[in-house]
Amino acid sequence: MKRFFDNELETFRSHLLLMGETSIRQVQDALKALVTADIALADRVIAADDEVDQLEIKIDDEAIAYMNLRAPVATELRLVIVGMKASHDLERVGDEATNIARRAVKLAAEPQLKPYIDIPRMAAIAIEMLRAALDCFLHLDPEKAITVVKRDAEVDALNRQLYRELTSFMIEKPETISRALELMFISKSLERIADHASNIAEEMVFLAQAKDIRHSDELKKNPD
């Protein structure tokens with residue numbers, strides 16, 4: 001019977017990791033669609049959002065079924081709770097990727113406002129954060145998870161920098177307002193993706209150490 005429950009938890013873990021990889025692929029494809037003005041790829045990202053949603057539902061169902069079958073011990077309960085929370089964050093990552101793809105379609109119809117430098121940098125950091133957070137889930141590495149949380153400030157700083165630059169564009173050239181606003185929304189989506197990666201990393205610390213670091217001011221300091 002114990003082996004049955006071990007298998008159930010392993011399936012739960014594997015589905016969460018699959019959801020993470022699917023969400024990361026969505027972000028990567030959305031950014032590629034933006035940079036290359038590939039409307040067909042953007043449309044595929046939008047159409048694939050349901051795949052992430054269905055994985056979240058599956059993970060929730062498995063968690064509930066597991067808790068109904070037995071009274072989990074503390075470590076098992078933390079795993080199930082953390083997995084459900086992480087799946088919610090990953091679902092939101094998928095939503096943000098879809099938002100980016102939709103804006104990529106709009107921007108593909110207009111001349112490029114500026115070279116894409118900051119946005120791909122933000123995306124690269126956010127994706128690295130997501131991968132590292134999921135790796136922490138696999139290997140229970142709280143120190144690595146804390147490093148992920150600290151990296152959130154890098155994305156915040158790039159977001160503020162890009163907002164300042166795009167605001168200058170809009171003031172100096174009003175005809176750029178619509179394109180600048182779309183890029184601002186994309187930048188905000190990437191900032192939110194990094195936030196979700198940070199949330200997952202915080203949960204991994206809780207999973208490994210039963211320690212709640214969500215409101216640690218020291219970890220959340222943002223450099224200007």
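How much space lies in the largest pocket?

Tutor: Happy to! This is a predicted model, in which local features need pLDDT of at least 70 and side-chain atom pairs count only at pLDDT 80 or more, while totals for chains, interfaces and linings use all residues. Residues are numbered from 1 along each chain as its sequence is written, and side-chain values use heavy atoms, without hydrogens or water.

The largest pocket holds about 160 Å³ of space (a pocket is an open set of 1 Å grid points with protein on both sides within 12 Å along at least five of seven lines; a cavity is a set where a 1.4 Å probe fits but cannot get out; lining residues have an atom within 4 Å of a point). Ten residues line this pocket, and R13, T75, L79, L140 and L207 are the closest to its centre. Helix 1 gives the largest share of the lining, four residues, and helix 4 (74-108) and helix 7 (177-209) also supply at least two each. By class, the lining of the largest pocket has five nonpolar residues, one polar and four charged.

The largest cavity has a volume of about 40 Å³, and its lining includes the run K114, P115, Y116, I117, D118 and I119, along with L162 and L183. Six of its lining residues are nonpolar and two are charged.

Terms used: Points joined across faces, edges and corners; volume = space filled by probe spheres on them. Nonpolar A, V, L, I, M, F, W, Y, C, P; charged D, E, K, R; others polar.
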